Amino acid sequence: MTQRAVFLDRDGTLHVERDFCRRPEELAVFAGVRDALWSLRDAGYRLVVLTNQSGIARGYLDEAMLARIHAELQARLDGAIDAFFHCPHLPEPDPAAGPNPYVQACACRKPADGLLRQAMDLLDLSPNGSWVIGDSARDLLATRAQPVRRLLVRSGKPVEASLRELTRLHCEPEAVLDDLPAAARFILAAGRPPRDDAARSINAPRA
Ligand SMILES: [Mg+2]
Ligand SMILES: [Zn+2]
């Protein structure tokens, strides 16, 4: 059976964005994120992180260190995440690192949708009834070809430039919210039938 999911950006959505998180000790998870993610899980959503990690192509960290960072993040979230998918690539070499096998045009670096497609295929997820939460335009653009519902979070930063780009590309978010916990509340409220309508359907005379 295909399942609904919430596709999550990582840096700036789950934890404080910094100039490339290079070690587990640098993770600073935003307040309320753990409980918010568990509330989504309890409502039946699979939780999947889709993240650009060009720090690998830039030579700032390697795949083993990224795995350690994700293990630490998962521990801080009490295991809320079902799976992490990352893009290690960069289309042009970073001057400091030079060319290496990770420097390549790829189909997975957001706003491309390769990570989303991998996740949907491997975990048997349905785009219908699924959501994406991110703090930048490219997070939402990666879902543009799918009927995924889109939420943009501020996480303390201005969003005007992202909104202009999303509007220009006809990929507007359904809402702009302060942070991930607010986005989780929005999803839970959207999935719940309005109280009045539920009462009406129960009391409605049968035709
Ligand atoms: Mg981000
Ligand atoms: Zn890639």
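Student: In this predicted model, how do you know that the span of helix 2 agrees with its number of residues?

Tutor: Helix 2 covers residues 63-76, which is 14 residues. At 1.5 Å a residue the helix should span 20 Å, and its end C-alpha atoms lie 20 Å apart, so the two values agree.

Student: Which residues of helix 2 are called buried, and why?

Tutor: They are L66, I69, H70 and L73. The word applies because each has 20 or more other C-beta atoms within 10 Å of its own.

Student: What makes these residues line one face of the helix?

Tutor: Viewed down the axis of helix 2, the buried residues fall within an arc of 95 degrees, so they line one face.

Student: What covers that buried side, and what does the opposite face carry?

Tutor: Strand 3 (83-87) is included in what covers the buried residues. The face turned away carries A64, A67, A71 and A75.

Student: What is the backbone doing just after helix 2?

Tutor: D78 takes a positive phi there, of about 55 degrees.

Student: How do you know whether the radius of gyration of the protein chain agrees with that of a compact globule?

Tutor: For 207 residues a compact globule would have a radius of gyration near 17 Å; the chain has 18 Å, which agrees. The C-alpha atoms fill a box of roughly 70 × 35 × 35 Å along the principal axes, and 36% of the residues count as buried.

Terms used: Residues numbered from 1 in each chain as written. Chains lettered and ligands numbered in written order. Predicted model: local features only at pLDDT ≥ 70, side-chain atom pairs only at ≥ 80, totals over all residues. Helix = DSSP H or I, 4+ residues; strand = E, 2+ residues; numbered from the N terminus. Expected span 1.5 Å × (residues − 1). Buried ≥ 20, exposed ≤ 12 C-beta atoms within 10 Å, placed from the backbone. Arc of directions from axis to C-beta. Contact = placed C-beta atoms within 7 Å. Rg over C-alpha atoms; globule rule 2.2 N^0.38 Å.
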